[in-house]
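Thanks for coming. I will take one structure today and go through a few of its details. Please look at the display first.

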Amino acid sequence: MNDWPEGWSGDDRDRYGRGSASAQPESARVMRQVRRDQGAPGQGAYGRQGPSAPPYGNGVPQQPSYVDGQGHGGGYDSGYNTGQVYGAPGGGGGYGGPGEPGGGGRGPRPAPNWRKRIKWTAIVVITGLIVTSVATYFWADSKLNREVDLSKVIDRPEQGDGTNYLIVGSDSRAGLSSEQKKQLHTGSAEGKRTDSMMILHTGSNGDTLISLPRDSDVEIPTFVGSESGKTYKGTGRHVKLNAAYAEDGPELLVRTVEFNTGLKIDHYVEIGFAGFASIVDAVGGVEIDIDKGFKDKYSGADFTAGKQKLNGDQALAFVRTRHAFAASDLQRTKNQQKFLAALAHQVATPGTVLNPFKLYPTLGAGLDSLIVDKDMGLYDLGSMFFAMKGVNSGDGTSLNMPISGSTGGNLVWDKAKVKQLVQELNNDEKVTVSGN
C-alpha cells in the first residue's frame with residue numbers, strides 16, 4: 001500500500017522524505033488539502049502506520065512533524081504560534097542569562113555605576129571649560145593693540161597706591177567710509193584728537209572716575225618725541241589738554257597729565273568713534289536714563305527725557321554732544337561718565353558674559369578697536385571694566401576735575417583741590433574732594 005498521499009510519486013517521496021537538493025516542491029498544485037488528524041506515536045500524519053522519515057543527510061537531525069492539528073507538533077516550540085521571540089525570557093530559546101527561563105551562559109546585565117558616570121561627566125565638562133577658557137584668553141590677548149610705549153615718558157611721578165588708568169576717547173575717523181562719517185556725524189577732519197579724557201583710579205577704598213575736560217588749561221613740559229626720539233624743552237607754553245595729544249600722541253598726553261597733576265598713570269586705554277559704536281551694538285544696545293531731552297545738529301543728537309536703549313550711533317551722539325548745554329564741555333564729561341559706566345555694567349552682566357553669541361562679538365569689537373600700552377594685560381583691562389561698573393552701581397565716586405575759573409577760553413583747575421585729590425588717590429584713601 002502506498003503510504004503517501006494520492007498523486008505523490010516515489011520520486012516525491014524520495015525528495016521530501018529523505019531530503020534533496022531542492023528546498024521546495026516542484027509545484028504548489030500537487031499539494032492537496034488533507035485532513036490533519038492527531039496520529040499516535042509511530043503513526044503517519046494520517047492515522048496509518050508508516051515509516052518515519054530518515055535523517056537528513058550527515059549530522060542533520062530529523063525535523064519535527066506537524067501532527068497537533070494546529071500546524072505544530074510537540075517537538076516544535078509553541079511559542080512561535082503565540083508571537084514569542086526565541087531567546088526571550090520564557091521563550092525557551094536558550095539565549096537569556098542565568099536564572100532566566102531558557103537562559104544561557106551569560107550573566108545578568110550589571111546595574112550602571114552612576115557614581116563613576118557622574119565623575120567622568122564632570123571631568124569632561126571641567127576639562128572642556130578649562131580648554132575653552134584658555135583658548136579664549138589667548139585669542140583675546142592676541143587681539144590687544146599694544147601700541148603705546150609708556151617707557152618713553154620721562155620724569156615720571158612716584159608710584160602711589162592703587163592703579164591709575166588714563167582712558168581716552170579719540171575722534172579718529174580711521175577706517176570710516178564717507179557714508180559712515182555722514183551717518184555718525186563725525187565730519188571729515190584730518191588727524192586725530194581727543195574727544196574725552198578720564199582718569200580711573202582703582203583701589204581698596206572704592207573706585208574713582210575723574211573726567212578731564214578737553215579744554216583744560218595745561219602746561220606742556222619737557223618731553224621726548226615718541227617718533228623722533230628728540231628732547232623738546234618745555235617753555236612754559238599753555239594749551240588746551242587735547243592739544244597735547246594732537247601734538248605728539250598718547251605719550252605726550254600722559255606726560256602732560258602727570259606733569260600737571262603729580263599722579264602717575266599706570267595704563268593707557270584709547271578707543272575711536274567706530275570702535276565705540278561697534279561695542280554698543282555688539283551688546284545689543286545700552287539702557288540709560290536721560291534727565292532732560294536735548295538736540296544737537298553737530299553730533300546728530302535728538303533725545304527725549306526718560307529711560308531708553310541707545311544703539312551705537314545714538315550712543316556716539318550722546319557722548320559727543322556739548323553745544324546743546326550751557327555748561328558745554330563740563331556737561332559732556334558728565335554724560336560720558338554716565339554712559340561709559342552704563343556700558344561697563346551692560347558688558348559685565350550674565351546675559352553678556354554667559355552668552356557666547358554676545359560675549360565673543362563684544363570682545364571682538366572691543367579688542368579690535370582698543371589701543372593700549374605695551375604692559376596692559378587682559379587682567380588689567382578686566383579690572384578697569386569692573387571698576388567702571390562699580391562706579392555706576394554706586395560703589396565708587398565720579399567727578400569732574402575741580403575748576404576754579406577760565407582764561408582765554410581754557411578751563412583753569414583749582415590747584416588746592418587738585419592737590420588734595422591727588423594726595424587722596426596716591427594714598428588710596430576715600431575721595432572727599434568734589435568737582436564741578
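Glu247 is partly exposed, at a relative accessible area of 38%. Partly exposed means between the two limits: buried is under 20% relative accessible area and exposed is over 50%, with a 1.4 Å probe and protein chains only. This is a predicted model, in which local features need pLDDT of at least 70 and side-chain atom pairs count only at pLDDT 80 or more, while totals for chains, interfaces and linings use all residues. Residues are numbered from 1 along each chain as its sequence is written, and side-chain values use heavy atoms, with hydrogens and water left out.

What does the side chain of Glu247 meet in a salt bridge? The partner is Arg237, at 3.1 Å from N to O. A salt bridge here is a side-chain nitrogen of Lys or Arg within 4 Å of a carboxyl oxygen of Asp or Glu. Glu247 sits in helix α5 (residues 241–261), and Arg237 in the loop between β7 (231–232) and β8 (238–240), so the two are ten residues apart and the pair links distant parts of the chain. Helices (H or I, at least four residues) and strands (E, at least two) are DSSP runs, numbered from the N terminus. Arg237 is also partly exposed, with 35% relative accessibility.

The structure holds eight salt bridges. Another one joins Arg322 and Asp215, whose closest N and O atoms are 3.7 Å apart. Arg322 lies in the loop between α7 and α8 and Asp215 in the loop between β4 and β5 (217–219), so this pair ties together parts that are 107 residues apart in sequence. Are these two buried or exposed? Both Arg322 and Asp215 are buried. Arg146 is partly exposed at 26%, and Asp141 is partly exposed at 22%.

Now the chain as a whole. The secondary structure comes to twelve helices and 17 strands. Of the 436 residues in the chain, 39% are buried.

Next, a sheet. Seven strands form an open sheet in the order β1-β14-β9-β2-β3-β4-β15, and the pairing is mixed. The edge strands, each pairing on one side only, are β1 (145–148) and β15 (397–400). From one strand to the next, the twist averages 25 degrees. Two strands count as paired if DSSP finds at least two bridges between them. As background, strands of a sheet pair through backbone hydrogen bonds, either parallel or antiparallel. Strand β4 (residues 208–211) pairs with β15 in the parallel sense over four bridges, and Ser211 stands opposite Asn400 in β15. Helix α8 (residues 329–347) lies across β3 (194–202), β4 and β15, and runs at about 55 degrees to β3. Axes are lines fitted to C-alpha atoms, for helices over the stretch in contact (heavy atoms within 4.5 Å). Angles run from 0 to 180 degrees between N-to-C directions.

Last, two backbone angles. Most residues other than glycine have a negative phi. Phi of Asp155 is near 50 degrees, a positive value. Asp155 is in the loop between β1 and β2 (163–170) and is exposed, at 58% relative accessible area. Phi of Ser328 is likewise near 50 degrees. Ser328 is in the loop between α7 (312–320) and α8, and is partly exposed at 26%.
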